Amino acid sequence: MDSTSIRTATGPLHSLAVVLEEPGQLRLSDLPLVDPTESDVVVDVEWSGISTGTERLLWTGRMPAFPGMGYPLVPGYESVGRVVRAGPAAGHAVGERVFVPGARCFGDVRGLFGGAAACLVVPGARALPVAEHLGEEAVLMALAATAYHSVAGGGKRDPIAPPDLIVGHGVLGRLLARMTVAAGLPPPTVWEREPGRCGGAEGYPVMHPDDDTRRDYRAIYDVSGDAGIIDTLVMRLAPGGEIVLAGFYSQPLQFAFAPAFMREVQIRCAAEWQRPDLLAVKELVETGRVSLAGLITHHEAAVHAAGAYATAFGDSACLKMVLDWRHHA
């Protein structure tokens, strides 16, 4: 059966999808999809990204309790594709390229987050039209919205200070740094311990933390996911400074109270991005104020998903792995 008949034939819809049967066990499977309603769109996925944060936790079985958690599941929340069907109340037109932050359309197989598939059925309200020129780079919209939300909180708050130290120079750290520079703010310092990830900075310095002597940062944004880093960051803050936990942490967080007390440190968790963050990022990216270029480093055909996940999680040179679903038969 070719890809078109799997995804867009009349009658019940099916889709090839990445399925995590249990931690460490991945397969591609042809899954039935739910019937689309009048407010749904059917999207033929072109590309999907692999998250080295949440998807790694799902792969290793270290994902904390999360709504919808359980195996088997379809991972992924970074999908881009074409609308091939649109219900009359969906608010989209056939042929639109859209970003889809995951789906729950696989029946008995959980969608957490359900975007790593050749075809998706999603409410029209969850599909975001994206500019044609972005192509595969549009898979980065969720990470860009995460970076934006860590500072703006969906437009509901102003930070005490813009980030002047960012911990981690992966994709999320780079996006946060690029947005800070694009806003006309002083360039942040970025810490990175992996030598192979120190390149690619655009208008800001990257250094190993041991080479940084500064101890008066006002706002430190941690995107490393290191649960044991808070004490180190506290010692680098100015009095009254803020630590923003913008990564995803699988282990309990703890810190020594006395140093934090003496500095009157504020610690804030940055939650999941909201729709206003995504809309703000869409404008920044599509107008060219923030670039997504150079962040996708690896590509693989969807039929080789198992190897792609191994590379994404095991190769430090891999910033972002993208699965190509366009020719998966």
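Predicted model: local features only at pLDDT ≥ 70, side-chain atom pairs only at ≥ 80, totals over all residues.
The patch itself covers about 580 Å² of surface and is made by Phe 255, Phe 257, Phe 261, Met 262 and Ile 267. One of these, Phe 255, sits in the loop between strand S14, residues 237-245, and H6. Phe 255 counts as partly exposed because its relative accessible area is 39%, which falls between the cut-offs of 20% and 50%.

Let me turn to Arg 268, which belongs to strand S15, residues 266-269. Is Arg 268 buried or exposed? With a relative accessible area of 15%, Arg 268 is buried, since the cut-off for that label is under 20%. As for its partners, the side chain of Arg 268 makes a polar contact with the side chain of Glu 242 at 2.9 Å, and the Arg 268 side chain also reaches the backbone oxygen of Ser 150, at 3.0 Å.

Which strands pair with S6? Strand S5, residues 79-86, runs antiparallel to S6 and is joined to it by 4 bridges, with Phe 99 of S6 as the bridge partner of Val 80. Strand S9, residues 128-129, also pairs with S6 in the antiparallel sense, over 2 bridges, and here the bridge partner of Val 98 is Pro 129 in S9.

Notes. Residues numbered from 1 in each chain as written. Heavy atoms only, no water. Buried < 20%, exposed > 50% of the residue type's maximum accessible area, 1.4 Å probe, protein only. Polar contact = N/O pair within 3.5 Å; in protein donor to acceptor, adjacent residues only side chain to side chain. Pairing = 2+ DSSP bridges. Patch = residues over 30% accessible without salt bridge, like charges linked within 9 Å, V, L, I, M, F, W, Y side chains within 5 Å. Areas by Shrake-Rupley, 256 points an atom, 1.4 Å probe, with all protein chains shown as cover. Salt bridge = Lys/Arg side-chain N within 4 Å of Asp/Glu carboxyl O.
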